[in-house]
Structure formats: structure tokens, C-alpha cells
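The following note sets out several points on the structure shown below. Please read each point alongside the coordinates.

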Amino acid sequence: MRIFRRGVFAVAAIVSLTATLGIQSPASADAATDSRLLSLTSSSLFARGAFGSPWKVGDCHLEFPSYVYIESGTTRVHVHAVSDTDFTKHADVWHSKLVFMDAQQRVVASVGSTGESVLDSPQMVPAEGDEGPSNVYEWDHVAVVPNGIPSRAVFVRWLSAC
């Protein structure tokens with residue numbers, strides 16, 4: 001009876017440890033997605049959301065100083081980004097969608113998609129040879145939001161895929 005209890009305890013401990021550590025199967029770079037919620041701060045020139053640490057999605061990285069801002073008095077959203085990839089056999093792309101929200105986190109406007117988008121990075125190709133890590137790419141894109149971003153937008157959720 002003691003041997004059976006030890007076996008049950010061992011199985012329960014392994015299941016508990018797996019759940020606690022969040023051990024998961026590896027994800028492919030093609031299917032990796034994530035998002036970050038940023039606060040928009042106001043200035044006389046633009047509203048801006050930024051983050052100060054590298055963000056990894058699949059094999060891709062978005063590095064500091066990447067940010068998004070809304071050009072004051074216009075319908076234009078500007079993304080400035082610095083990106084690279086750990087490994088690619090052809091070319092990785094950082095896809096972006098921006099969802100602007102009010103104080104209650106209700107959607108007030110959005111632009112881009114996590115498929116092909118006007119906010120995509122350039123193709124990040126291997127730095128040397130047919131596969132491997134890429135160089136670091138610095139890029140800027142501007143997208144037009146037809147009805148503009150309402151002034152009540154205080155957050156932006158940056159959805160990304162690699």
C-alpha cells in the first residue's frame with residue numbers, strides 16, 4: 001500500500017511541478033504571437049507608448065527604443081522599431097497590429113494586422129549564409145487611421161507575431 005501511495009504522490013508532484021513551471025511544447029517562429037499593453041502619454045506633439053526592455057516573440061526581438069506615436073491633429077500613427085531575429089532560414093518578419101483603447105480598455109480604433117500589414121518590419125534575412133541570426137534592423141512606418149484616434153485613447157495594445 002505504501003508503494004502505491006508513493007507512486008500516486010510522485011505523479012501528482014510531477015503534474016503539479018509541470019503546471020507551476022508552465023512547461024510547454026516548443027513553439028515555431030511561424031506561429032508565435034504576443035501583445036503588450038502600453039500607456040499613452042500626451043505631449044504637444046504626439047501621444048506616445050513605449051517600453052524599455054526587449055520583447056521576444058518566437059525567434060524575433062523588438063528592442064529599445066521601439067515606440068508608437070499618434071501625430072497630433074492628424075489621422076497618422078507612426079511606429080519606430082528596432083528588430084532582429086535569432087534564427088531564420090529565409091526571412092522573418094515582425095507583424096504588428098495596434099489597438100487603441102479608452103480608460104475602461106474599450107477599443108476606440110485599430111490599425112494593422114498580425115498577418116501582412118503596413119506596420120510590418122522589413123524582411124529580416126540571415127546575416128551570413130542561408131540561415132542563422134539576422135542583423136539588427138531599424139525601421140519606421142506610418143499608417144493612416146481613416147477616422148483618427150479619439151482623444152479618449154489612453155492605452156494601446158501592440159499585438160505582434162513573428
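1. Gln-105 lies in the loop between β7 and β8; strands here are DSSP runs (E, at least two residues), numbered from the N terminus. Gln-105 is not a glycine, yet its phi is positive, at about 60 degrees. Most residues other than glycine have a negative phi. Gln-105 is partly exposed, with a relative accessible area of 40% (buried means under 20%, exposed over 50%, partly exposed in between, with a 1.4 Å probe and protein chains only).

2. The model is predicted: local features need pLDDT of at least 70, side-chain atom pairs count only at pLDDT 80 or more, and totals for chains, interfaces and linings use all residues. Residues are numbered from 1 along each chain as its sequence is written, and side-chain values use heavy atoms, with hydrogens and water left out.

3. In strand β5, which contains Pro-65, the peptide bond from Phe-64 to Pro-65 is cis, with omega near 10 degrees.

4. Asp-120, in the loop between β8 and β9, is buried but has no salt bridge (a side-chain nitrogen of Lys or Arg within 4 Å of a carboxyl oxygen of Asp or Glu). The nearest side chain of opposite charge, Lys-97, is 12 Å away; Lys and Arg count as positive, Asp and Glu as negative, and His and the chain ends are not counted. The side chains of Asp-120 and His-95 are joined by a polar contact of 3.1 Å (a pair of N or O atoms within 3.5 Å, one able to donate a hydrogen and the other to accept it; residues adjacent in sequence count only if both atoms are side-chain atoms).

Terms used. Helix = DSSP H or I, 4+ residues; strand = E, 2+ residues; numbered from the N terminus.
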